[in-house]
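The structure is shown below.

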Amino acid sequence: MDWITVKQQAREKFRGSCRVCPVCNGIVCAGEVPGMGGLGTAASFHNNLKALAECKLNLRTIHEVTSPKISRILFGKEMAVPVIAAAIGGIGLNMNGAMTEREYCQAVVAGCRQAGVVAMTGDGPKPEVFDSGLEALAEYPGYAIPVIKPRCTEKIIELAEQAAAAGALAFGVDIDAAALVNMTNAGQPVGPKTQQDLATIKKHTTIPFIAKGIMTPDDALRCAAAGVDAIVVTNHGGRALDHTPGTAEVLPAISEAVQGQLTILVDGGIRSGADILKLLALGADGVLVGRPLAIGAVGGGAGGVALVINKLAAELRAAMVLTGVGDVTTVPPSVLWGGRR
Ligand SMILES: Cc1cc2nc3c(=O)[nH]c(=O)nc-3n(C[C@H](O)[C@H](O)[C@H](O)COP(=O)(O)O)c2cc1C
């Protein structure tokens, strides 16, 4: 199986819900939510790619780095590359029924395991969304991180403990889904969380807690004060709020503010190994990849997911050789032309 075939197969199976463009940039699908696009004008989605494109790398080839180390430990687990599959839920609605929720979770978690990394799974108004993640986890314990919608605190704790019992490596809450109307319309209200709510969730759960949807240093500091283990700097792939900055723009200030108090993950518009290197240089410990892995899963199942991750890993390795970086855990800001912004 090769990437061109996977993309062709995905294009057919998506039946218009994703055009599988040469570069997944949110232009053709702007406003397609439900669907695979970004909300409203899709400015937030576009800003993710724009911010990454604006970061340029210093090409350096006079050094001794020939086989850089791209593996690292995250949440106590050795990852072949610091890439985690982003949570993607609502497959029926967003992908025109290209796969069932269960097939999607199985493909992504199995593919990640094959490539030596782990996957986040989603949540939604229908129980099958969260439950499909747990089922995949039961098959591949330790290889999934269920992400729970910002439901009431008691429900989050209950679902997080279900995830822990199923063998989850960690659990997340995508706080940026605080205004998701389809949850509220289905009688499962979501909303913002206070620092105290986050501290309560942390206190009553047993596996690492990841807050997903952090875009400002003060929210990141509130997470650190609440004892949250990790944050995901993300604008939900441009699907939560129109007109937010790109994640590469906000990441340096967040990383500087938290000073290593918690693990920093980031996502949004990551399409190559060079993009990963840029975000590590801007202060991330690891990254999440969303839509490219959805294309891999729909077009090639678990094998398609592993293919995308292996491709990103090979590109990251090459980018490290060409910038003289020996280890993903210590990517200096000097990798970026002009340094860290
Ligand atoms: C169709 C779709 C469904 C998503 N569902 C969820 C979800 O259930 N939970 C969640 O935390 N994030 C969800 N996300 C956001 C992703 O986890 C991730 O933040 C985003 O896709 C990253 O940007 P990228 O796709 O440009 O890589 C979804 C994204 C898409 C495109």
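## Salt bridge of Arg19 and Glu32

In this predicted model, Glu32 counts as partly exposed, at 25% relative accessibility. Its salt-bridge partner is Arg19, with the closest N and O atoms 2.7 Å apart. The two residues are 13 residues apart, and both belong to the loop between helix H1 (3–14) and helix H2 (43–54). Arg19 is likewise partly exposed, its relative accessible area being 32%.

## Other salt bridges

Across the whole structure, the search finds 10 salt bridges. One of them joins the side chains of Lys149 and Asp174, at 2.6 Å from N to O. Because Lys149 lies in the loop between strand S5 (144–148) and helix H6 (153–165) and Asp174 in strand S6 (residues 171–174), this pair ties together parts 25 residues apart in sequence. Lys149 counts as buried at 10% relative accessibility, and Asp174 is buried at 3%.

A further bridge links Lys311 to Glu315, with 3.2 Å between the closest N and O atoms. These residues are four apart in helix H12 (residues 291–321), so about one helical turn separates them.

## Cavities

The structure contains two cavities of 30 Å³ or more.

Helix H4 (101–115) and strand S4 (118–121) each supply at least two of its lining residues, and H4 gives the most, with three. Seven residues of this lining are nonpolar, one is polar and none is charged.

Methods
Residues numbered from 1 in each chain as written. Predicted model: local features only at pLDDT ≥ 70, side-chain atom pairs only at ≥ 80, totals over all residues. Heavy atoms only, no water. 1 Å grid on protein atoms, 1.4 Å probe; cavity = no way out; pocket = protein on both sides within 12 Å on 5 of 7 lines; lining within 4 Å. Points joined across faces, edges and corners; volume = space filled by probe spheres on them. Nonpolar A, V, L, I, M, F, W, Y, C, P; charged D, E, K, R; others polar. Salt bridge = Lys/Arg side-chain N within 4 Å of Asp/Glu carboxyl O. Buried < 20%, exposed > 50% of the residue type's maximum accessible area, 1.4 Å probe, protein only.
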